Amino acid sequence: MHRVAVKILLCTLAACPLVAQSPVEVGPVAASGYNAFAQSPAIISNPLSQPTLTPGALVLLELEGRFSQAVSEGGGKAFGTWFAEDGVTLNNGKPAILGRTAIAAQAQWDPKTYQLSWTPQGAQMGPSNDMGFTWGHYEGRSKDKNGEPVVISGRYFTIWKKLPNGTWKVALDASADEPPATKECCVLPKP
């Protein structure tokens with residue numbers, strides 16, 4: 001009897017919207033009901049297949065999916081709107097960009113000429129449920145001056161913070177080139 005009750009409970013949880021499973025208030029960000037997990041099979045979409053995901057991690061993954069979708073549709077203009085006033089971006093070989101105004105001024109790409117997409121691979125909510133991080137893989141697609149495709153890819157890390165009004169914003173977004181092959185990861189250079 002106990003196993004049947006557990007199966008019914010798990011099936012019920014799987015059918016509920018992600019926000020309803022979370023004690024963390026996400027504010028207006030989750031109001032649209034966008035299912036961030038339907039975008040890519042690489043995204044962990046089912047809490048039953050990953051029972052170690054906390055409700056807070058699910059909130060962060062949904063936020064990340066909404067952020068990615070907005071940027072896919074709106075390009076650089078949309079990118080800047082997701083940052084907190086004191087947000088920061090860090091990119092390989094470039095100086096830090098400090099503040100939403102400066103980030104928005106730098107993020108001027110058109111989604112018709114440059115497509116930035118990313119897939120979250122993990123998330124962790126902090127113990128106070130007002131800050132957490134996501135990480136994953138990104139890809140940028142454009143064309144060079146000859147019309148040939150250009151693809152860049154790498155890893156990203158986003159720190160999210162909950163503002164006093166209950167909305168979530170990006171506190172820090174950092175990206176780096178694709179990591180070396182697994183065999184090369186932890187090998188010391190030879191003299």
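Mentor: Let us begin with contacts along the chain. Among contacts in the protein chain between residues at least 6 apart in sequence, 55% join residues at least 24 apart. Please keep in mind that this is a predicted model.

Trainee: What average pLDDT does the protein chain have?

Mentor: The general idea comes first. Where pLDDT is low, the predicted coordinates should not be read in detail. Here the protein chain averages a pLDDT of 78, and 67% of the residues score at least 70. Over residues 1-46, however, the pLDDT is below 50. That stretch has 63 contacts in the model beyond near neighbours in sequence.

Trainee: How many helices and strands does the protein chain have?

Mentor: There are three helices and six strands in the protein chain. Read from the N terminus, the elements follow the pattern α-α-β-β-α-β-β-β-β.

Trainee: In what order do the six strands lie in the sheet?

Mentor: The sheet is open, its pairing is mixed, and the order of its six strands is S2-S1-S6-S5-S4-S3. Strands S2 (97-98) and S3 (115-125) stand at the edges with a single partner strand each, so one side of each has no neighbour in the sheet. Helix H2 (residues 55-81) packs on this sheet, where it touches S1 (83-90), S3, S4, S5 and S6 (168-177). The direction of H2 makes about 160° with that of S3.

Trainee: How many bridges join strand S4 to strand S5?

Mentor: Strand S4 (residues 131-143) and strand S5 (residues 149-162) run antiparallel and are joined by 13 bridges.

Trainee: Which residues have the most contacts inside the largest nonpolar core?

Mentor: Again, the general idea comes first. In soluble globular proteins, nonpolar side chains tend to be buried together. In this chain of 191 residues, buried residues make up 38%. The largest nonpolar core has 25 residues, and those with the most contacts inside it are Leu60, Phe67, Val71, Phe79, Trp118, Trp160 and Trp168. Two or more residues of this core come from each of H2, S3, S5 and S6. H2 gives the most, with nine residues.

Trainee: With which residues is valine 71 in contact, leaving aside its neighbours within four places in sequence?

Mentor: Valine 71 is then in contact with Ala78, Phe79, Trp109, Leu116 and Trp118.

Trainee: How many aromatic pairs does a search of the whole structure find?

Mentor: The search finds 11 aromatic pairs. One of them joins phenylalanine 67 and tryptophan 82; this pair is tilted, at 5.3 Å centre to centre and 35° between the planes. Phenylalanine 67 belongs to helix H2 and tryptophan 82 to the loop between H2 and S1, so the pair ties together parts that are 15 residues apart in sequence.

Trainee: Why does phenylalanine 67 count as buried?

Mentor: The cut-off for buried is under 20% relative accessible area. Phenylalanine 67 counts as buried because its relative accessibility is 1%. Tryptophan 82, at 12% relative accessibility, also counts as buried.

Phenylalanine 67 has an edge-to-face pair with tryptophan 118 as well, at 4.9 Å centre to centre and 70° between the planes. Since tryptophan 118 lies in strand S3 and phenylalanine 67 in helix H2, this pair ties together parts that are 51 residues apart in sequence.

Trainee: Which residues do ring pairs link into a cluster?

Mentor: The cluster consists of Phe67, Phe79, Trp82, Phe83, Trp109, Tyr114, Trp118, Tyr156 and Trp160.

Terms used: Residues numbered from 1 in each chain as written. Predicted model: local features only at pLDDT ≥ 70, side-chain atom pairs only at ≥ 80, totals over all residues. Heavy atoms only, no water. Pairing = 2+ DSSP bridges. Helix = DSSP H or I, 4+ residues; strand = E, 2+ residues; numbered from the N terminus. Contact = heavy atoms within 4.5 Å. Axes fitted to C-alpha atoms, helices over the stretch in contact; angles between N-to-C directions. pLDDT = per-residue confidence, 0-100. Core = buried A, V, L, I, M, F, W, Y, C linked by side-chain atoms within 4.5 Å. Buried < 20%, exposed > 50% of the residue type's maximum accessible area, 1.4 Å probe, protein only. Phe/Tyr/Trp six-rings, centres within 6.5 Å; stacked < 30°, edge-to-face > 60°.
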